[in-house]
Amino acid sequence: MKTWKRLLQTTCVAALVGATAMTVTASAAKAPLAKAPEKIPVILDADMVDLFDDGVALLILAQSPKVDLKGVTVVIGNSWVEDGVASTIRHLEGIGRTDIPVFAGNNKPTRPGRIENIKAEKKLWGRGHDSHLGAAGYPKPASWQETYRERYKSEPTIGPKAEDASDFIIRTIKENPHKVTIVGIGTGGNIAKALEKDPSIAPLAKEIVYMAGAFLHAGNVMPTAEFNVWLDPESAKKEYRGAWPKQTFFPLDVCENERINYKNFLDLEKRVKNPVFKHMWENHYQTPLFRNNQKFENYIWDVLAASYVLDSSIVTEEVFMPVDVNDTYSLSYGETLAFAGPGPEGSQKAHIVQKIDRKKVWKIVTDTFDKL
């Protein structure tokens with residue numbers, strides 16, 4: 001009798017375990033798969049040049065699995081829009097991302113006669129340690145196609161869209177309310193124009209990130225002014241006074257402490273395998289400077305703003321203050337200002353980055369170059 005009882009107990013336990021296992025298996029089968037993190041919608045607004053620094057910022061964003069790069073809007077600054085469009089297209093072709101649209105935008109500073117008089121300004125009001133004039137230092141190209149053919153010795157496979165850059169910015173923010181991050185690494189004309197057309201887009205964005213300004217630091221092209229702001233202070237002022245939920249600046253305060261040196265140069269050079277980017281590397285203005293002088297260093301400006309989008313923890317020190325721009329045509333024209341107390345009426349508070357985690361940024365850069 002005891003044998004039968006033990007057999008019955010064993011059979012019941014086995015049946016119970018089997019039923020439980022089936023229940024667990026069925027539950028596991030019905031469990032929803034983990035949802036992939038949502039990509040960050042980004043608009044890159046840039047005065048594009050090949051590779052460092054705007055080009056690398058573009059490559060960081062366009063190749064990251066974390067980012068949905070909605071489009072690139074090109075503005076005057078380091079280069080004329082024609083040159084910037086050609087450069088943007090070539091970068092996107094090189095990484096096989098011709099699905100990312102390119103938009104031509106503002107191609108002149110707000111102040112009339114600015115380009116013609118810019119050298120005279122430096123004589124009157126002094127200059128900083130950098131003689132850079134950007135687009136103001138050379139003639140405007142006939143077309144982006146001419147620049148492309150001359151620079152890259154080939155025919156482009158895509159072209160810019162017909163829509164104006166400012167209209168694309170407005171449309172993209174409205175189609176993705178409270179989600180879009182704008183990365184502004186050029187002068188402010190495109191974003192200012194978008195705000196003039198529709199001020200309501202500012203609070204509908206998620207964040208705007210700039211490489212711009214010199215708040216608690218000296219200027220570069222002028223004693224008190226940083227280039228991106230100095231070329232079009234009126235537009236910069238309109239940008240920074242927008243009602244954005246969050247503004248983050250990577251100004252000269254931090255950018256002039258973060259450099260690329262000879263060791264970094266050699267490390268990146270060996271990573272470039274793609275012939276499109278090998279050609280850019282060989283023809284980049286800083287390449288012979290590094291090869292001829294191992295003590296040469298340069299800055300990585302815009303790379304910091306793009307890296308922040310991928311990993312905001314790169315910021316290790318910042319201040320949060322009202323900011324504004326001096327747009328009075330005077331000795332300190334284009335100076336960016338940060339206020340310890342309340343700022344002028346209309347000014348907004350912003351995060352002004354002071355220090356970053358260099359190791360994290362450089363890991364993003366080397367990962368980007370490993371894909372080239």
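The structure is a predicted model, in which local features need pLDDT of at least 70, side-chain atom pairs count only at pLDDT 80 or more, and totals for chains, interfaces and linings use all residues. Residues are numbered from 1 along each chain as its sequence is written, and side-chain values use heavy atoms, with hydrogens and water left out.

**Confidence**
- The average pLDDT (the predictor's confidence in each residue, from 0 to 100) is 92, and 91% of the residues score at least 70.
- Residues 1–29 have pLDDT below 50, and this stretch makes 0 contacts (heavy atoms within 4.5 Å) beyond near neighbours in sequence.

- Helices (H or I, at least four residues) and strands (E, at least two) are DSSP runs, numbered from the N terminus.
- Strands pair if DSSP finds at least two bridges between them; β1 (residues 40–46) runs parallel to β2, joined by 7 bridges, and Asp45 has Thr73 as its bridge partner in β2.
- β2 also pairs with β3 (residues 102–104) in the parallel sense over 3 bridges, with Val74 opposite Ala104.
- The β2 to β3 crossover passes through helix α3 (residues 81–94) and is right-handed, that is, clockwise from the first strand over the helix to the second with the strands pointing away from the viewer.

**His351**
- His351 sits in strand β11 (residues 348–356) and counts as buried because its relative accessibility is 17%.
- Beyond neighbours within four places in sequence, His351 contacts residues including Lys246, Phe249, Glu318 and Phe320.

Key
Buried means under 20% relative accessible area, exposed over 50%, partly exposed in between (1.4 Å probe, protein chains only).
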